[in-house]
Amino acid sequence: MYIGIDCGTQGTKAIVLDSVQKKVIGAGYAKHELITQSNGRREQQPNWWIEALQQALQIALKQAKNSPHFSPNLVKGIGISGQQHGLVMLDKNDRPLYKAKLWCDTETATENDILIEKLGGQTAVFEKLGIICQTGYTASKLSWFRQNYPDKFANIRKIMLPHDYLNYWLTGKFCTEFGDASGSGYFDVVKREWKREVFKYLAPELNMDEVLPKLLSAEQKNRCD
């Protein structure tokens, strides 16, 4: 048995998979609210994802219990997928410092243009990162938050994506996956490592080695202690 969780923009889906029978024996869904403004703002409260995960999983497990093959003791693992690029920032007590700015947020377009210019233009950015930074990537959101909330910015202790936030809530492990990191705008996709030069420009007050998550491959297990 395996459980799958997908945290999308509009909602969270949960399934229970019977790997022996090769079929889904339970499925649940819970909707997310979306904070919007005409300036391109698209945000969500991180705790909404936790609440949606709990609701969707409860529905899926209730259905799964109707299967004669189901037992909680047979669940071997939980797989998490989720919306990319969103910015989640936690303080020293693991509380969100601000709402999560999502992948579809375009309020930070100006910050993205400035970032590309400061790094030497699109060609230079591509040489540094192996990608061209887009407005939807995490980097411009971090720059926007630094400019608009400098006091809160100084209190950042962890920076993560929506996918990482759910994993952190489930396991207590602060980590991310290479594929998700590639859309941050401060990750070198060729060397497969955080790009110190870019992050230092975005957040000179922060220690990259402390506030960014450990990098893992998608197939690596993230175990609870």
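Student: What should I know before reading the numbers?
Tutor: The model is predicted, so local features need pLDDT of at least 70 and side-chain atom pairs pLDDT 80 or more, while totals for chains, interfaces and linings use all residues. Residues are numbered from 1 along each chain as its sequence is written, and side-chain values use heavy atoms, leaving out hydrogens and water.

Student: Where do the domain bounds fall?
Tutor: Domain 1 is 1–82 and domain 2 is 83–224; such bounds come from an automatic or database domain assignment. Their C-alpha centres lie 25 Å apart.

Student: How do you know that domain 1 and domain 2 are in contact?
Tutor: Contact means heavy atoms within 4.5 Å. By that rule, 20 residues of domain 1 touch 22 residues of domain 2.

Student: What area is buried between domain 1 and domain 2?
Tutor: About 2,000 Å², with carbon and sulfur atoms giving 65%. That is the accessible area (1.4 Å probe) the two parts lose on being put together, summed over both.

Student: Why is the Lys99 and Glu43 pair called a salt bridge?
Tutor: The rule wants a side-chain nitrogen of Lys or Arg within 4 Å of a carboxyl oxygen of Asp or Glu. Lys99 and Glu43 sit at 3.8 Å, N to O, so the pair qualifies. Across the interface of domain 1 and domain 2, the rule finds three salt bridges.

Student: Which elements give two or more residues to domain 1's side?
Tutor: They are β5 (42–44), α1 (46–64) and β6 (77–82), and α1 gives the most, with five residues. Helices (H or I, at least four residues) and strands (E, at least two) are DSSP runs, numbered from the N terminus.
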